[in-house]
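Okay, thanks for coming, everyone. Let me put the structure up, and then I'll walk you through it.

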Amino acid sequence: MKKLLFLIPMMSLLLGFTGCAKQDSTEAQGEGVVNFKIENDYQISIASAAAFRAVTAAPADYNVVLTNTTTSAVAYTGTYGAMAKSMVLAAANYNIKAENITSDVAQTATAGRGQLRLAGSQDFVLATGQTKSVAMVCKVSNIKVNVAYAASFMAVFSGCTVSVVETSQPGRALAYDFAATHATQDGFFNVPTAATSLTVTITPTRKSDSKVLPPVVKTITGVTAAQWHKLTFTAASTGQGSFDITVDDTITSVENSFEVDPFA
């Protein structure tokens, strides 16, 4: 797994004799020193992660919130680029959160089709006089969905409407209608902490007589963050349409399919 690293040298005051003097000072004041580093993790699937990285730009920056969870005080809020990578902080319990975009923007960007979201959160404890390194990994926190129409499908059907809905957000449906400009565009969905499901509905139009067939619905279960769902529509040699779904992630590869009867 390739990671993009933000490598920041330790500040000179942490080196040599000056560093020792600083440590003595922080001990006397009940403080410690924290060195921060944030990494990107694009791990979506063993087979597709490299291709996904190739078409996905690294975030320009992260929004960071550093909180003293002992006192509930916010120690820092702002961008990672502007953040001091070495800080003298009061000895306490802390949490640091980082995200390239908010969960809302992850679904409203790109004309409502969404955008890749990388996020991370880490707790740490800073003791008096301690110099601590905190390296947090920001991982993909939503799912990507795209579709493709095979030549065999196009030979049997003249078109179709397709919608994909994530269960916890029934009011947000992304369309992948055949021949529409959004047919091959990526779509992104936020997912709850627990596994969720996607409902895919296809309403095809038969080419032979232009009849719109009844909609066919498929539910994909076990959907979690950092999955790339690739939906491929094909037509079987029997003349029936089939809808194949492949799900690539770091653990399993799952295939789901159903048929669309052109004579319904």
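So, F153 and F157 are both buried, where buried means under 20% relative accessible area with a 1.4 Å probe, counting protein chains only. Quick caveat: this is a predicted model, so local features need pLDDT of at least 70, side-chain atom pairs count only at pLDDT 80 or more, and totals for chains, interfaces and linings use all residues. Residues are numbered from 1 along each chain as its sequence is written, and side-chain values use heavy atoms, leaving out hydrogens and water.

How many aromatic pairs does a search of the whole structure find? It finds 2. Rings of Phe, Tyr and Trp (its six-membered ring) pair if their centres lie within 6.5 Å; planes under 30 degrees apart are stacked, over 60 edge-to-face, and the rest tilted. With Y94 and F124, the centres are 5.4 Å apart and the planes at 15°, so that pair is stacked. Y94 sits in strand β6 and F124 in strand β7, 30 residues apart; strands here are DSSP runs of E, at least two residues, numbered from the N terminus. Y94 and F124 are both buried, too. Back to F153 and F157: their ring centres are 4.9 Å apart with planes at 35°, so this pair is tilted.

Now, charges over rings: NZ of Lys or CZ of Arg has to be within 6 Å of the ring centre and within 35 degrees of the ring normal. K85 lies over the face of Y80, 4.6 Å from the ring centre, and R172 does that over F189, at 5.0 Å.

Methods. Helix = DSSP H or I, 4+ residues; strand = E, 2+ residues; numbered from the N terminus. Buried < 20%, exposed > 50% of the residue type's maximum accessible area, 1.4 Å probe, protein only.
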